[in-house]
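Work through the exercises below with the sequence and the model open. Each task is followed by its solution in steps.

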Amino acid sequence: MKTTFSYLLFLVLYITSINVYGQDFDLTIKLKNNLTNEPLPNANIFIMPCSCGGASNENGELTIKLKQGEYTVRTSYVGFNENLQNIVLEEDTILEVFLEEENEVLSEVVVRAKKRNELLESPQMGVLQLNAQEIKKMPAALGEFDVLRSVTLMPGVNNSGEISNGISVRGGSLDQNLLLYDYAPVFNPTHLFGLFSVFTPDALSSVDIYRANIPARYGGRSTSVLDIKVRNPYVDKFKLSGGVGLVSSRLTVETPLVKDKLMVMAGIRAGLSDFLLPIFSERLKNTKARFYDSTIKLLYLPTEKDQISFTGFYSKDFYQLDLITKVENINAENNQYDFKTLNGTLNWSHTFNEKVSLKTIFVASNYSPKNIFPELENTNEIEYKSGIHYLSLISEVSKKVSDKLDYYTGVQLNNYKINPGELDPGLSNGVLPVNLLEENSYELSGYANANWKPKRNLTLSAGLRYNYFQFNGPYVLNNYDEAGEVVIESNFIEKGKKVKSYNNLEPRLGVNFKIDENTSVKASYANANQYLQNVYNSTTPLPTSRWKTSDSFIKPQSSNAYGLGVYKDLKNNEIEVGVEGYFRSSKNNLTYRPGADFFLAESIEQSVAQVEGKAYGVELSFKKKVGNVNGWLNYTWSRSLLRSDEENLSNRINNNNWFSSDFDRPHIINASVNIIADKYNTVSFNFTGQTGRPYTIANGVFEFEDINVPIFLERNNDRLPTYHRLDFSWKVTYSKKKNPRWVGDWTFTVYNVYGRKNAYSRFYSQRDGNLDKDFFGGFPLGSYQLEVSNSPILALTYNFTFQ
């Protein structure tokens with residue numbers, strides 16, 4: 001009996017000990033500025049030995065559930081010293097950490113405002129994240145660090161050539177990406193013919209690119225989302241920063257206006273680059289270019305639970321080209337492009353408690369491109385104008401139900417007003433004025449997204465978005481014959497009356513299954529629809545390109561994207577490796593018909609075709625995140641194909657066979673290496689190589705009135721030579737003072753180190769006599785290649801910070 005009792009007592013104590021030592025406790029970490037006591041949002045928190053952690057929320061807090069035991073908590077934040085604390089977790093614990101501002105000039109610290117192991121933990125697939133510090137370390141043309149050029153080094157992200165007005169993601173066209181700058185869409189994101197993005201460099205906080213299961217809060221584009229956030233001016237004293245360079249100079253000011261209540265950040269950048277353009281090409285010797293952009297952000301903290309911010313953005317470009325001197329029947333000595341963007345975002349966030357918050361956002365975006373054609377042999381100027389005016393209202397509620405479940409739900413109302421084009425001939429007698437009807441449409445959306453962790457190794461993200469789109473008059477509705485070419489009758493629909501409507505459900509799903517602590521498998525699906533598109537017939541959209549919303553003839557673009565990936569962390573989360581495969585089918589992709597001319601066309605449906613598409617590929621990535629030598633290596637194999645389905649032979653593209661899209665690149669390799677030699681010197685190298693861009697060559701030539709005319713029967717039936725380029729950057733930081741108020745550094749960059757003559761385009765030109773006879777023999781046309789950058793480009797920039 002005694003033996004049995006002892007055995008039972010031992011068994012009870014054993015089970016109790018298992019329950020005690022296996023129990024989970026909540027560890028809440030609160031990060032604050034030791035001087036101002038203000039919370040530090042998006043700070044990096046890493047906990048050992050579990051190799052877990054994350055980023056602090058907008059209140060500077062992170063709560064995580066851990067087993068009982070001893071842990072080391074490492075916290076870091078931009079501009080602050082790193083903090084290490086050891087704790088023994090035996091109950092629910094709140095750990096307050098007060099970080100001290102850095103007083104010495106140290107080697108650059110890259111802080112990632114995300115979980116170090118987020119690649120394994122998050123159900124989100126195909127998301128790429130960069131912060132401002134990472135972007136600044138990448139060499140770019142003429143010494144300017146740049147968002148768009150940085151993201152094109154990521155797997156699956158590409159541009160259309162040396163100069164391009166945007167990015168292509170996984171084979172999609174440029175207009176299939178939603179580019180947001182603090183919630184406001186940007187319709188032309190580049191300066192200087194596409195060499196640089198318009199986003200004010202010193203104002204940036206982070207960049208998120210969604211390529212797979214796009215979160216349900218985003219809509220309106222069929223391929224991807226590029227979400228760029230402007231940093232909040234959490235400052236308690238005056239701070240000045242900027243830079244002086246060959247291409248541009250910039251200045252940013254941050255200061256509190258009302259202590260602990262109202263703060264402001266204002267940045268501006270201006271560039272006068274005319275004298276540099278001949279370096280790129282002899283053909284640019286008569287080209288002119290100047291640009292500037294500015295960002296201002298006001299942050300108001302009326303209560304502990306409310307935050308109100310306003311972001312204003314303005315961008316303006318002017319450049320002149322003499323490469324194209326004739327548009328329509330306009331004879332001009334050159335083409336001048338003058339376009340601007342004016343955006344505003346008002347954001348109110350209210351926190352009801354630690355689990356529930358509400359944000360309401362009002363957005364206004366205005367894009368106004370203008371073309372100026374100075375006529376030959378007189379002083380008259382002909383102007384062509386177009387534009388987009390966009391308004392949006394968003395209201396979203398977020399709730400964290402538990403550590404295993406959180407969700408958000410919201411509504412969004414958009415209004416698009418498009419000026420398709422108006423031509424003012426000025427004093428010209430040979431050009432008639434044109435005013436196309438304004439397009440007006442509305443989009444109402446409701447959405448919800450939930451993240452659920454039903455099991456320790458399984459995480460789900462499910463979202464649903466509903467869109468109702470309506471296109472209103474004024475509009476001229478044409479009825480065509482069976483061939484779709486001859487107008488039988490036309491009906492005018494008055495302003496404000498409904499012309500056509502569409503409604504769509506967009507499911508989004510992401511699944512993450514963790515095989516072990518360092519390996520996970522993800523799968524994703526997303527449906528997306530696009531009601532606004534850009535029509536152009538060059539390799540990159542010019543200001544003469546045409547924006548168009550869906551109507552009775554032009555249906556919304558739609559895509560279904562599928563993805564599967566495997567990811568692994570190595571060496572205690574210092575190295576990430578991943579493999580992602582994807583397939584995207586799409587329909588109603590907008591392209592131009594053979595021989596189309598949609599410039600100032602009243603019935604644009606006669607100039608465009610809607611085709612089906614497919615894009616697929618495999619992306620391999622390797623990233624070393626920490627250490628004095630860090631960087632990444634990415635390789636992508638992919639295809640992007642289109643096919644028309646036209647009954648009319650004259651409207652068929654490539655005889656209705658599959659053909660390569662403008663963004664079809666079967667092989668792409670990108671690499672970036674950052675070397676921190678010491679606390680004064682940082683060296684970086686970037687390399688990019690890719691299959692040449694598809695372009696169209698003539699299938700033959702015929703003579704018409706003594707002019708040799710090329711015949712094009714196929715589209716994108718050849719490729720430019722392979723593109724590759726190496727860039728270099730060297731950053732030098734030095735100060736003799738122990739606690740300097742002025743900190744400066746010199747950045748020396750070399751763009752195209754070995755002077756690769758990459759082809760931008762190839763074109764045909766009529767030959768005169770024996771011109772270039774050794775190359776072309778008796779062929780009546782000459783095929784010539786345009787190279788934008790044909791030699792190394794050196795630049796030196798001085799950056800500074802004063803506080």
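**Exercise 1.** Is phenylalanine 339 buried or exposed, and why?

Solution. The relative accessible area of phenylalanine 339 is 5%, so the residue is buried. Buried stands for under 20% relative accessible area, exposed for over 50%, and partly exposed for what lies in between (1.4 Å probe, protein chains only).

The model is predicted: local features need pLDDT of at least 70, side-chain atom pairs count only at pLDDT 80 or more, and totals for chains, interfaces and linings use all residues. Residues are numbered from 1 along each chain as its sequence is written, and side-chain values use heavy atoms, with hydrogens and water left out.

**Exercise 2.** How many aromatic pairs does the structure hold? Classify two that involve tyrosine 319.

Solution. 
1. The count of aromatic pairs is 22. Rings of Phe, Tyr and Trp (its six-membered ring) pair if their centres lie within 6.5 Å; planes under 30 degrees apart are stacked, over 60 edge-to-face, and the rest tilted.
2. Tyrosine 319 and tyrosine 337 have ring centres 5.1 Å apart and planes at 35°, so this pair is tilted.
3. Tyrosine 319 is in strand β21 (residues 306-321) and tyrosine 337 in strand β24 (residues 335-351), so the pair ties together parts 18 residues apart in sequence. Strands (E, at least two residues) are DSSP runs, numbered from the N terminus.
4. For tyrosine 319 and phenylalanine 339, the ring centres are 5.8 Å apart and the planes at 85°, so the pair is edge-to-face.
5. Phenylalanine 339 lies in strand β24 and tyrosine 319 in strand β21, so their pair ties together parts 20 residues apart in sequence.
6. Tyrosine 319 counts as buried because its relative accessibility is 3%.

**Exercise 3.** Which residues do ring pairs link into a cluster with Trp742?

Solution. The ring pairs join Trp742 with Trp746, Tyr798, Phe800 and Phe802.

**Exercise 4.** Examine the backbone at proline 474, tyrosine 183 and asparagine 588.

Solution. 
1. The peptide bond between glycine 473 and proline 474 is cis, with omega about 15°. Proline 474 sits in the loop between β30 (458-472) and β31 (475-480).
2. Tyrosine 183, a residue other than glycine, has a positive phi near 75°. Its place is the loop between β11 (177-181) and β12 (184-185).
3. Asparagine 588 is not a glycine either, yet its phi is positive, about 65°. Asparagine 588 belongs to strand β38 (residues 575-592). Its relative accessibility is 17%, so asparagine 588 counts as buried.

Note on methods
Helices (H or I, at least four residues) and strands (E, at least two) are DSSP runs, numbered from the N terminus.
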